[in-house]
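This report walks through a protein model part by part. Keep the sequence and the 3D view open while reading.

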Amino acid sequence: MISSKDAVLGNVEIAKDTYEMILRPTKMPNILPGQFVNIQLDGFMLRRPISVSSVYHNTYKIIYKVVGEGTKALSKVKRGQILDVLEPLGTPFPIDELEEVLIIGGGVGVPPLYEVARQFCDKNTKVTVVLGFNDKDSMFYEEDFKILGCDVYIATMDGSYGTKGTVLDAIAAHDIHIDTIYSCGPMRMLEALNQTYSKGYLSFEARMACGIGACMGCVCKDSKDKQLYYRICKEGPVFPIGKVDFTC
Amino acid sequence: MLEIKLPGLDLKNPVMPASGCFGFGREYAELYDLSILGGIAIKSATLESRFGNPTPRIAETPSGMLNAIGLQNPGVDKIIETELPFLKQYDTQILANVAGATEEDYIEVIKRLNDCPEVHAYELNISCPNVKHGGIGLGSDPKLAANITRMAKEVATKPVWVKLSPNVTNIVEIAKAVEAAGADGVVLINTLVGMRLDLHTAKPIIANTTGGLSGPAIKPIAIRMVYQVYQAINIPIIGVGGITCAQDVLEFLYAGASAVQVGMYNFIDPYICPKIIEELPAVLKKYGCDSLQDAIGRSHR
């Protein structure tokens with residue numbers, strides 16, 4: 001992890017309440033798929049943890065949804081501004097040797113999966129992507145995944161685009177049978193996937209204070225050993241499927 | 001210029017991270033050499049391991065945050081086995097924060113830590129607002145606070161500092177009571193009990209309902225309490241509450257603190273302690289203090 005001053009090269013709305021920001025650190029660290037950055041914002045005490053959506057030679061992108069005052073302030077940040085960022089944080093998705101993989105993203109859980117898809121595509125793994133959104137206006141990155149060469153299927157809760165319903169409805173509708181999944185999204189979606197699949201990785205979201213494993217604000221329990229716990233910011237946010245207990 | 005000798009703590013500088021805001025130092029040791037620090041108040045040790053409270057445990061507030069971690073820790077034996085040997089490699093003073101559900105728990109934890117040369121002094125946590133038993137219950141009543149202090153002093157082979165709660169009508173009364181019971185020093189203040197409600201659900205954001213408020217929001221309260229307690233007792237004070245810079249440290253020293261702890265700001269800027277230590281000599285000088293002693297209690301002279 002480094003403490004960096006990142007220049008904002010762009011910050012644009014790409015879907016309803018959803019923004020994409022390009023950041024350029026003074027010295028680009030090695031950021032792996034699934035890792036996140038912790039951004040300080042003027043007027044707010046705690047940093048905002050946001051996952052990295054794609055990594056380039058000396059820049060990276062984040063995609064975030066405006067859900068509260070902090071992300072609203074982030075959406076107002078102008079091109080050319082400098083942000084104080086701790087980066088990168090957390091345990092990444094391992095890009096395993098696989099013939100094929102199913103990537104499942106829900107809403108603002110979609111962004112970190114884009115870098116996962118890129119890296120799998122670079123290794124010639126066959127990548128199938130299923131993305132779930134509330135509605136067509138909230139949808140983003142369908143084309144971006146297609147350009148990488150992925151098969152892409154969309155589900156919307158209101159049926160305004162793709163399959164009506166959840167990502168699991170889309171997987172059933174398109175008869176997708178791939179047993180290894182890489183996923184990120186809302187807790188209820190992850191819980192459903194945790195019950196349906198046994199191979200792959202899930203990435204979790206949590207309220208955090210420090211983001212580096214010191215404050216114990218974002219812990220979860222092991223699914224078997226109740227004495228064992230993990231910090232979502234440190235041992236996570238990515239965990240092997242089945243590892244985390246969903247009841248706490 | 002920054003050295004100070006306090007009961008059990010031979011500090012090369014007066015800055016240490018506060019208990020619960022630094023774990024056992026491992027995460028920060030990846031970022032800088034912990035030997036820079038005057039001391040470290042390590043995370044509370046309880047007799048048994050504790051998972052702590054359900055999540056969410058954190059909520060942001062104006063100029064601060066609420067937390068209700070609930071004394072999550074691996075238990076004193078595991079701390080002795082794995083954390084103290086890790087800390088031993090650093091040239092810094094260790095203040096072991098001790099907590100429990102009953103008085104007997106505190107005593108047993110102290111007994112087990114007595115034989116650990118890595119621990120230089122104890123910090124009795126009678127002020128945690130986030131646990132049902134022990135914690136703040138013992139720190140809100142002068143008689144109970146004095147009693148646990150006396151019991152701790154009877155068994156402790158190292159100096160005993162008592163960390164006081166600000167959630168009381170009269171903190172001076174509590175400070176005087178623990179001094180009379182033999183405390184070697186006091187640490188003030190712990191967090192203030194607070195709440196935040198979710199606008200959509202109308203329910204508390206923190207699963208524990210209430211949490212402890214920390215950060216710059218509580219600094220004026222901490223300064224006031226250090227100032228009042230300094231006038232009433234003769235044992236040293238470690239000041240804590242909302243410190244974000246060397247100027248804040250100076251304010252605590254003026255009020256009567258002999259050393260300080262930095263709490264939540266470690267979460268915002270993980271390098272804050274080394275930064276403050278580096279800047280402190282220039283800040284002392286700027287305001288006409290040739291030594292730490294010049295600054296300690298200056299507002300009372």
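Leaving aside its neighbours within four places in sequence, which residues is Lys61(A) in contact with? The model is a predicted one, and in it Lys61(A) is in contact with Glu20(A), Met21(A), Ile22(A), Val52(A), Ser53(A), Ser54(A), Tyr56(A) and Tyr141(A), with neighbours within four places in sequence left aside. Lys61(A) lies in strand E5 of chain A, residues 60-65. Its relative accessible area is 18%, so Lys61(A) counts as buried, the cut-off being under 20%.

## Buried residues in both chains

Leu193(A) is part of helix H5 of chain A, which covers residues 187-196. Leu193(A) has a relative accessible area of 0% and is buried. Apart from neighbours within four places in sequence, Leu193(A) is in contact with Ile104(A), Leu168(A), Ile181(A), Ser183(A), Leu202(A) and Ile241(A). Take Ile241(A) from that list: 48 residues separate Leu193(A) and Ile241(A) along the chain, while their C-alpha atoms are 8.5 Å apart.

Leu41(A) sits in a loop of chain A, between strand E3 (36-40) and strand E4 (48-55). With 6% relative accessibility, Leu41(A) is counted as buried. Once neighbours within four places in sequence are set aside, the contacts of Leu41(A) are Arg48(A), Gly70(A), Leu74(A), Val77(A) and Leu83(A). From Leu41(A) to Ala73(A) the C-alpha distance is 7.5 Å, although the two are 32 residues apart in sequence.

In chain B, Ser258(B) is in the loop between H8 and strand E14 (259-262). Ser258(B) counts as buried, at 9% relative accessibility.

## Helices of chain B

Two packed helices are described by the angle between their axes and the distance between the axes. In chain B, helix H7 (residues 219-232) packs with helix H8 (residues 246-255) at an angle of about 25°, and the axes are 8 Å apart. Angles under 35 degrees count as roughly parallel, so H7(B) is roughly parallel to H8(B). On the H7(B) side the contact is made by Lys219(B), Ala222(B), Ile223(B), Val226(B), Tyr227(B) and Tyr230(B). On the H8(B) side it is made by Asp248(B), Glu251(B), Phe252(B) and Ala255(B). Of the residues in this contact, seven are nonpolar, three are charged and none is polar.

An α-helix has 3.6 residues a turn, so residues three or four places apart point the same way.

Helix H2 of chain B (residues 76-88) has a kink of about 35° at Thr82(B), shortly before the proline Pro85(B). The buried residues of H2(B) are Val76(B), Ile79(B), Glu83(B), Leu84(B), Phe86(B) and Leu87(B). What do these buried residues of H2(B) pack against? Their partners in chain B are helix H1 (26-29), strand E4 (39-45), strand E7 (93-98) and helix H3 (103-114).

## Backbone exceptions

Most residues other than glycine have a negative phi, and most peptide bonds are trans. The table lists exceptions of both kinds.

| Feature | Residues | Angle |
|---|---|---|
| cis peptide bond | Gly236(A) and Pro237(A) | omega about 10° |
| cis peptide bond | Thr55(B) and Pro56(B) | omega about 0° |
| positive phi | Leu71(B) | phi near 55° |
| positive phi | Ala202(B) | phi near 65° |

Pro237(A) is in the loop between strand E14 (229-231) and strand E15 (238-240) of chain A. Pro56(B) is in the loop of chain B between E4 and strand E5 (58-61). Leu71(B) belongs to the loop between strand E6 (64-67) and H2 of chain B, and Ala202(B) to the loop between strand E11 (192-194) and strand E12 (211-214) of chain B. Is each of these last two buried or exposed? Leu71(B) is buried, with a relative accessible area of 9%, whereas Ala202(B) is exposed at 54% relative accessibility.

## Where the chains meet

The size of an interface is often given as the accessible area lost when the parts come together. Between chain B and chain A the buried area is about 2400 Å², and carbon and sulfur atoms give 64% of it. The contact involves 30 residues of chain B and 27 residues of chain A. Phe51(B), Glu60(B) and Ile268(B) supply 26% of the area that chain B buries against chain A, more than any other three residues.

Technical notes:
Residues numbered from 1 in each chain as written. Chains lettered and ligands numbered in written order. Predicted model: local features only at pLDDT ≥ 70, side-chain atom pairs only at ≥ 80, totals over all residues. Heavy atoms only, no water. Axes fitted to C-alpha atoms, helices over the stretch in contact; angles between N-to-C directions. Helix = DSSP H or I, 4+ residues; strand = E, 2+ residues; numbered from the N terminus. Parallel < 35°, antiparallel > 145°, perpendicular 65-115°, else oblique. Contact = heavy atoms within 4.5 Å. Nonpolar A, V, L, I, M, F, W, Y, C, P; charged D, E, K, R; others polar. Buried < 20%, exposed > 50% of the residue type's maximum accessible area, 1.4 Å probe, protein only. Bend = angle between axes of the 7 residues up to and from the residue. Buried area = accessible area lost by both parts, 1.4 Å probe.
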